[in-house]
Amino acid sequence: MEIKAIRMFDGGFMNQQFAFGGEEGKDKFDEQIIYRSSLQNFLIDTGDEVILVDTGFKNEAPAPPKKLGAPLYMGERIADYMQSFAELGYKPEQVTKILITHKHPDHSDAIRYFPDAKVYISPEDADAMKLESENIVRVAYKDGAYHNFPRAEKIADNLWLIEAKGHTKGNSIVILEHDGLFYMFHGDVTYCDAALKANKLSIVYEDMAAARDTLDRVREFINNNPTVYLSTHCPEGYENLEMKRVMKL
């Protein structure tokens, strides 16, 4: 079993108002407090299957500009998604499954390059994206509860796609159990690890009450299980993976 980061951008920043201001309001936080930002998604090689957790932007998508005072700047482009994927030593035809945490293009736009893979996504976000291919699997979370999360679906041995609404109406997270650790691929439940530790929602959500419930459940899970927290939008995502660093709250 191997888990690898597919890295696209690095060296960016986000301000505290963006990362922390979802509930109390941006004016309660300091735009001059800055956290590191990046963009990466993840790949799981089980030995039998290659499974992607999210895919980035389509190739050659315009890079978001760097602006003074920008709430979020992902950083300088390292590589397009498919370039970074190829540099890990894989070919598109090896990918059997893609697990999409939510519909936003930095998590879903490159599914177009994997026409043979089954794409697992919530019904709400599949409908929002108008996904109609026979390879689209609208997840029913048919396997019931997973720990303190009420609805989940087993995708492969020790790999779960879990309903975690709020950031989008169909938001999900992914948890992989391996060697006594729980690897949590959480999409955008938080945008930086500092927000997780401070128990703050970002300003980006479609349902605040659901996003709060999801963050509470994520924090409860982390407090009860040795969890490696794999973020998409901050360098701690790939750093935590490299060091197998267990999150402490």
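I began with the parallel pair: strand β3 (residues 50-53) and strand β5 (residues 95-99) run parallel and are joined by four bridges. Strands here are DSSP runs (E, at least two residues) and helices are DSSP runs (H or I, at least four residues), both numbered from the N terminus. Two strands count as paired if DSSP finds at least two bridges between them. In this pair, V50 stands opposite V95 of β5.

I noted that the model is predicted, so that local features need pLDDT of at least 70 and side-chain atom pairs count only at pLDDT 80 or more, while totals for chains, interfaces and linings use all residues. Residues are numbered from 1 along each chain as its sequence is written, and side-chain values use heavy atoms, with hydrogens and water left out.

**The sheet**

I then looked up the order of the strands. Seven of them form an open sheet, β4-β1-β2-β3-β5-β6-β7, with mixed pairing. At the edges are β4 (72-77) and β7 (136-138), each of which pairs on one side only. From one strand to the next, the twist averages 25°; axes are lines fitted to C-alpha atoms, for helices over the stretch in contact, and angles run from 0 to 180 degrees between N-to-C directions.

I turned next to β1. Eleven bridges join β1 to β2 in the antiparallel sense, and F9 has L39 in β2 as its bridge partner. With β4, β1 pairs in the antiparallel sense over five bridges; there D10 stands opposite E76. Buried means under 20% relative accessible area, exposed over 50%, and partly exposed in between (1.4 Å probe, protein chains only).

**The cores**

I looked up the nonpolar cores, which are sets of buried Ala, Val, Leu, Ile, Met, Phe, Trp, Tyr and Cys residues joined through side-chain atoms within 4.5 Å. The largest has 26 residues, and L43, L52, Y81, F85, V95, I98 and F114 have the most contacts inside it. At least two residues of this core come from each of β1, β2, β3, α2 (81-87), β5 and β6 (118-121). A second, separate core of 23 residues includes I51, I155, L161 and V174.

I also listed the contacts (heavy atoms within 4.5 Å) of L43. Leaving aside neighbours within four places in sequence, L43 touches E2, I3, K4, I6, V50, I51, L52, F85 and Y90.

**Helix α7 and Y238**

I found that α7 lies across β1 (2-15) and β2 (34-45), at about 50° to β2. Y238 belongs to this helix, which covers residues 236-243. Is Y238 buried or exposed? Y238 counts as buried because its relative accessibility is 9%.

Beyond its neighbours within four places in sequence, Y238 is in contact with A5, R7, D10, S38 and Q40. The side chains of Y238 and R7 make a polar contact at 3.4 Å. Such a contact is a pair of N or O atoms within 3.5 Å; within protein, one must be able to donate a hydrogen and the other to accept it, and residues adjacent in sequence count only if both atoms are side-chain atoms.

**The whole chain**

The protein chain has seven helices and twelve strands. Of its 249 residues, 57% count as buried. The C-alpha trace spans about 45 × 40 × 35 Å along its principal axes.
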